[in-house]
Amino acid sequence: MQKLILVSALLLLGACARLDHVQIGDIDQSNGALSPISVKVSENGVEMAVVAGVAAELASQSKRNQQLKEIRDFLALINMGPRTGNPVFFDTYAQNVLDALYQQCASGKITGIRNIREGKTYGPVSGEIVRIDADCIL
Amino acid sequence: MIRLFTALLATLMLSGCMSLNSVSLTQIPSDKGQLVSAKAHDWVFLGFTTQNNFVNEAVNNLKQECPNGKLTGVLTKHQTTAYVLVFKREVIASGYCKKA
């Protein structure tokens, strides 16, 4: 029970923001007033190896504990390699950001595009966020 | 011996280990203007933070360096300096400002 409370507390309190990538584009302030626009899309990411590790810690039977540790190691091996953030289940979640950006800018003149790749982490689960901030020339 | 140990410890604690998270550069025209730069940072203890607002601060600072002008050739660096238990996250941006 104590373990469960501890794990729950860690998951709830560990909501950390992560910043992976920032790119600032050209900014044109010479063609009129600017109005800020922004698009943010997010997909759930899960670190399955950590989930299996926590489950192994919570398992009361030693045999089940061992099995979960083996699953944890296997998951860690298949997810090994360079990556940004946790693995997500759908890789197309950021495809429509350009259309969404244009919908916010009636003049169609967009400048100062900032591409920000960030994340919100809640223990083994995370929100893998793609945020595009920009300015619409009015 | 204690002095040497203290000096070594202080050096280790005060000197930061830097990592470069990302770098980007936009196109540079031939008639580029004056080089301007801006930066913003925040401090994070043990990696716990709930926001990345300092990025917006860097953009606003860069805009203020080129009022009513056009910024091109924007170089953006996102870097992190690790001290003992504390991290400094920083965005440094520079670009060429051509006044209208």
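A residue is called buried if 20 or more other C-beta atoms lie within 10 Å of its own, exposed if 12 or fewer do, and partly exposed in between, with the C-beta atoms placed from the backbone. With that in hand, welcome to a predicted model, in which local features need pLDDT of at least 70 and side-chain atom pairs count only at pLDDT 80 or more, while totals for chains, interfaces and linings use all residues. Residues are numbered from 1 along each chain as its sequence is written, and chains are lettered from A and ligands numbered from 1 in the order in which they are written.

**Chain A on its own**

- Chain A holds four helices and five strands; here helices (H or I, at least four residues) and strands (E, at least two) are DSSP runs, numbered from the N terminus.
- Read from the N terminus, the order of elements in chain A is α-β-β-β-α-α-α-β-β.
- Chain A has 138 residues, of which 22% count as buried.
- Taking contacts in chain A between residues at least 6 apart in sequence, 77% join residues at least 24 apart; a contact requires two C-beta atoms, placed from the backbone, to lie within 7 Å.

**Where chain A touches chain B**

- Across the interface, 18 residues of chain A are in contact with 28 residues of chain B.
- On the side of chain A that touches chain B, strand 1 (15-24), strand 2 (27-28) and strand 4 (110-122) of chain A each supply at least two residues.
- The most comes from strand 1 of chain A, with nine residues.
- By type, that side of chain A has eight nonpolar, five polar and five charged residues, where Ala, Val, Leu, Ile, Met, Phe, Trp, Tyr, Cys and Pro count as nonpolar, Asp, Glu, Lys and Arg as charged, and the others, Gly among them, as polar.

**Strand pairing between the chains**

- Strand 2 of chain A pairs with strand 3 (residues 69-82) of chain B in the antiparallel sense, over two bridges; pairing needs at least two bridges found by DSSP.
- Opposite Ile27(A) stands Leu71(B), in strand 3 of chain B.

**Positive phi in chain B**

- Most residues other than glycine have a negative phi.
- Asn68(B) is not a glycine, yet has a positive phi of about 60 degrees, and lies in the loop between helix 2 (54-64) and strand 3 of chain B.
- Asn68(B) counts as exposed because 10 other C-beta atoms lie within 10 Å.
- Leu85(B), also not a glycine, has a positive phi of about 70 degrees and sits in the loop between strand 3 and strand 4 (86-99) of chain B.
- Leu85(B) is exposed, with 10 C-beta neighbours inside 10 Å.
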